Amino acid sequence: MAWVTWRQHRAQVVAVFGLLALVAAAAFATHLPIRAAYHRNTLSECLPPTARSGCDIIVRHFENQFDSWVAIVRGLAVLPALVGLFVGAPLLARELEHGTHRFAWTQGVTRRRWLLSKTALLAAVTLVAAALLSAVVTWWRGPFDTLEGRMAPNGFDIEGVVVPAYALFALAVGVLAGLLFRRTVAAMTATLVVFASTRLIVLNFLRPHFMSPLHRSVVGTDSARPTADWLLSDTLVDAGGRQITAGREDLAVLHAQQAGIDPHNYLVSLGWKRVISYQPAGRFWTFQLIEAGIFAALAVAVVLAAIWLVRRTPT
Amino acid sequence: MIEFHLDPHSGVATYLQIVQQVKEALRLGTIDVGDQLPTVREVVADLAINPNTVAKAYRDLERDGLVVARQGRGTFVASTLAPASLRHHDALRAELERWLAAADSAGLDEESIRALISATLRETRARRVA
Amino acid sequence: MTPSPLDARGLGKRFRRDWGLRDCTLTIPQGAIVGLAGPNAAGKSTLLALATGLLAPTEGSIEVLGKDPLREPSVLAEVGYVAQGAPLYRSFSVAETIEFARRTNARWNDEIVSHFLTRIASETKVGSLSAGDRARLALALALGKRPQLVLLDEPFAGLDPLAGREFLQLLMDGVAETSATVVIASHVIADIERVCDHIVLLTEGGIRLEGNVEDLLESHRILMGPRRPLGSIRGVHTVVRERHSGRQLTLLVLAAGPIVDPSWTVDRVGLEELLLAYMAPERLPTPEPPERLPLRWHG
């Protein structure tokens, strides 16, 4: 089946690695100016939690200088989905759409073995490509990771072991979608929808709670310190710990202004403080493994479902 | 080597046509004792007919003692037709020549003669079977 | 005892509301070349798809070479199947297609395929082959795995007469070599009349007629005579079809014995005519016992 898989999917495999090569080339080309700017401004002295004065301005300047590149790299989070769309979905959808399954599934290889072999081989290729992508991106994001950390989705989603897990999940969803929808375009659409929703659900509802968030109280006007942690929420609470609504805050500020007092000092005198909940940067690898584990397990379940269903689907 | 042809609309069973063509070839001396008949594969690859049909024809010929099948090597002519049938041949041939002369003077062209012969042959066979 | 190449019991398949095949019970004799005849949408393709596991039965069962193709799909290694339209990968070259078949079948013999390749360049893309060549390639691949059973679904559709003849030549050559059992589904009887020794006639999802061709031709006769009300005719079991024109009455009958009635001209019937008579859309009542002949409508 290795020859068969290669012959039928070689264009896709070449495209995947071609794209990867492009990304790598762009990464190599752009890293020089970044490193140069980093050292020129001695940003190494601005790493959290230590921060000498004036750092925040320098850091902000540095980030603004390269924010479009960072945004583009952030956009590479879509690449795993592309595997699902262009490698996974056509696998079964194209066969069923063109009727070639009547040829492929009546040879000496059973349907299940055919699907398992193809999926396993393509999964191996996907794993390698995604791992390489993750390595390149992690390397490129070095300076930004040290400055702002990689616990937040900006870095978390495109580095480490989650990238291969996303890609394998997308591949699996594509394969199952191809079987259920039997039409390439419909399967691709369904794959995109399922992949995106799953990612969003895990990101917004599950990841913040992989482990209990930590809390930190901030009194006064501490400006946003550079932090490598992932900030989950930043709320104002009163002395009793109750969250203060925007209306109540506005009322207090108004009161302070009418009394001629500095609003910030007034709030402090009331005993009000900001409570920040966050996930510490030190949990990066733990969270990576949990999230990768979730997506890998989902991928396995989806592929098993496809292999079980392929024998029962009437054609 | 004998080459078979099939007339699917003659009303004669395929295997019989093969038997007849072998016997005809024997009569005319086209094949002789020791000659190999085309293999079943060769015949069906040429005529696109059922291999069982050819096998049946060859079995019939073998039963009549005209051919013999040698395992793994093919089917070979074993004996020619008995001279007795050849004797009848001459008498029938003479009668046929007389009939043809009569048909000719009656104004039948070759086409009409062939048509008349085929139709009559078909009808007599059909009547015999029914 | 070796299992029959194809054995269906009460087989039925429903598509949404319509039954493509209903209550089909059939056993195909080993080594036979079976013509699966019938008009379009009679259930021929459905039957073959059920035999290869491409469809799952709604009721009843089907086994090929003694195995259920859905539960034991490994049996498909012994079955050569060419679906309608001879589906192949159009972007593959001929050589790559052969390689595909070689690699997905444990048992493979290059002889039939290399014989096929004598006239076609192996780098030709399948998509640019003529319909006849594509059909023959698909057949060569089906034969190359040395199957015990060959199933062909409308192989002559879209083929000109020469291509059709070449297809049959290749098929018969392959069958002579492997002694495989063959089932050819075709709605054009003339295409398969030449080679079939067994016939299964399907109409509207059910088996209308089935049997050995010689036996069928031997047991049916055409009777012609002056038009008159029908009583019983000695030797006639059932009247299958009745036609009249002017003063002549023509019957196609199933004979129970020799028909010796001077008022009728008795003639043999050809296979195509016989099948067409059974295909007639009117529903035919079940046969009466030989003594009484029921009145029939006009064909």
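Residues are numbered from 1 along each chain, chains are lettered from A, and side-chain values use heavy atoms, without hydrogens or water.

**Exercise 1.** Find where pLDDT stays under 50 in chain C.

*Solution.* 
1. Locate the stretch. Residues 283–299 of chain C stay under 50. The model gives them 31 contacts (heavy atoms within 4.5 Å) beyond four places in sequence.
2. Read with care. Where pLDDT is low, predicted coordinates should not be read in detail.

**Exercise 2.** Describe the contact between chain C and chain A.

*Solution.* 
1. Count residues. Chain C gives 27 and chain A gives 23.
2. Take the area. The two chains bury about 2300 Å² between them (accessible area lost on being put together, 1.4 Å probe, summed over both), 65% of it on carbon and sulfur atoms.
3. Leu54(C), Tyr89(C) and Phe100(C) supply 27% of the area that chain C buries against chain A, more than any other three residues.
4. Check charges. There are 2 salt bridges (side-chain nitrogen of Lys or Arg within 4 Å of a carboxyl oxygen of Asp or Glu) between chain C and chain A. Arg10(A) and Glu96(C) form a salt bridge at 3.9 Å, N to O.

Conventions. This is a predicted model: local features need pLDDT of at least 70, side-chain atom pairs count only at pLDDT 80 or more; totals for chains, interfaces and linings use all residues. pLDDT is the predictor's confidence in each residue, from 0 to 100.
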